[in-house]
Amino acid sequence: MQVTQRVLIAADKFKGSLTAVEVAERVMAGLRRVVPAVDVEALPVADGGDGTVAAAVAAGFERHEREVAGPLGQEVTAAFALRGDTAVVEMAEASGLQRLPRGVFAPLTASTYGSGELLRAALDAGARTIVFGVGGSATTDGGAGMLSALGARFLDVDGEPVPPGGGGLADLARADLSGLDARLSDVDLVLASDVDNPLTGPKGAPAVYGPQKGATPDDVELLDAALADFAKVLEAEAGPRAAEYALAPGAGAAGGIGYGALLLGARFRPGIEVMLDVLGFAPALERATLVITGEGSLDEQTLHGKAPAGVAAAARAADKEVVAVCGRLALPPEALGRAGIRRAYPLTAVEPDVARCIAEAGPILERVAEQIARDFLT
């Protein structure tokens, strides 16, 4: 008796080319061109970074939009996702690099205030569980802006609010957390991130991620010292736990917003694990005989908590076969095998011109999916 093939497409975005939803649509189209009757289920995934809200909406969550402060204080329209009393909040929606004008960086002044406004909006909407996806940030303020939006006060020696951004924390003398939104104590806040860096030091947020946000070596030094002082001031206000959180995995995520979330009582979990739970991946996996995952670049970073690695690990545990699609492949077959991926199909195998792969990612991905169908479904 022939086994009915059921394909689950659980891929992340191809950054700069295709959203996760578009990746699924293109792969589905390519598969059906070769095997028209194939049973396909699409479950776009994300690891907590940009695209997380879109993945939740594609899985049946309702999109809610709010006007909040962008990283430079300008008003932006940002979204969170809600289903029942579970919200998915993506900090990049409010405080991400994509919210900066093209070519503009603000490593010392960019603020996470708008991310705090999004969390407050989720509370207003009745959320009792909030998955807080962090990544892709324009900020290195330790979550001070977010905490301010939720009622905290950060003051200089004259009792005036310090300027926004990580640079402003160099003037910090006192913190007052007494005004934090009381509803936070009744919410299960989950910090979803693929980054386990501490707040400061050689592996901290400024040193590792500051340069990506335009920070010079002098900026990195200033920000690292300012965030270290931030943690000391908060230790005086909140006790030893504030110092412990600064060293905890995830504290350095998204410019240190992970630290602010931990102060709010968040539980740190790898972003892809959280999102697979939230999106209903387990029952979809049970229905599948073949899983197709992927992202724009399959490389060494993929193996450290990115979406395809999480999908492949879960699928391997369920004894399901996994293949991957990608724009660019920078992993040898043995590394793919250790990750649970039987074979990877890069766009560059069809079109060697990288510029064309980026510009025409959709049609080329359909051709890649046709090859997957010929290799695995016929």
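Tutor: One convention first: a residue is buried under 20% relative accessible area, exposed over 50%, and partly exposed in between, with a 1.4 Å probe and protein chains only. This is a predicted model, in which local features need pLDDT of at least 70, side-chain atom pairs count only at pLDDT 80 or more, and totals for chains, interfaces and linings use all residues. Residues are numbered from 1 along each chain as its sequence is written, and side-chain values use heavy atoms, with hydrogens and water left out.

Student: Understood. How many salt bridges are there?

Tutor: The count is 21 salt bridges, each being a side-chain nitrogen of Lys or Arg within 4 Å of a carboxyl oxygen of Asp or Glu.

Student: What does Lys 13 pair with?

Tutor: Lys 13 is bridged to Asp 50, with 3.9 Å between the closest N and O atoms. The two residues lie 37 residues apart and link distant parts of the chain: Lys 13 is in the loop between β1 (6-9) and α1 (20-34), and Asp 50 is in the loop between β2 (39-42) and α2 (52-58). The helices (H or I, at least four residues) and strands (E, at least two) are DSSP runs, numbered from the N terminus.

Student: And is Lys 13 buried or exposed?

Tutor: Lys 13 is classed as buried because its relative accessible area is 17%. Asp 50, at 19%, is also buried.

Student: What about Glu 41, which residue does it meet in a salt bridge?

Tutor: Its partner is Arg 287, at 2.6 Å from N to O. Here too distant parts of the chain are linked, since Glu 41 belongs to strand β2 and Arg 287 to helix α11 (residues 281-287), 246 residues apart. Glu 41 is partly exposed, with 25% relative accessibility, and Arg 287 is partly exposed at 43%.

Student: Which residue is bridged to Asp 299?

Tutor: Arg 328 is, and the closest N and O atoms are 3.8 Å apart. Asp 299 sits in the loop between β11 (290-298) and α12 (307-317), while Arg 328 sits in strand β12 (residues 321-329), so this pair links distant parts of the chain, 29 residues apart. Asp 299 counts as buried at 18% relative accessibility, whereas Arg 328 is partly exposed at 45%.

Student: Which residues are linked in a network of salt bridges?

Tutor: One such network joins Arg 26, Arg 33, Glu 366, Glu 370 and Arg 374.

Student: New topic: what is phi at Ala 254?

Tutor: Phi of Ala 254 is near 50 degrees, which is positive in a residue other than glycine. Most residues other than glycine have a negative phi. Ala 254 belongs to helix α9 (residues 253-263) and is buried, with a relative accessible area of 10%.

Student: And where is Asp 319?

Tutor: Asp 319 lies in the loop between α12 and β12. Its phi is positive as well, near 60 degrees, and the residue is exposed at 71% relative accessibility.

Student: Last one: what does the side chain of Ser 95 make a polar contact with?

Tutor: The side chain of Ser 115, at 2.7 Å. A polar contact is a pair of N or O atoms within 3.5 Å; within protein, one must be able to donate a hydrogen and the other to accept it, and residues adjacent in sequence count only if both atoms are side-chain atoms. Ser 95 is in helix α3 (residues 91-95) and is buried, at 0% relative accessibility. Leaving aside neighbours within four places in sequence, Ser 95 is in contact (heavy atoms within 4.5 Å) with residues including Pro 71, Thr 112, Ser 137 and Thr 139.
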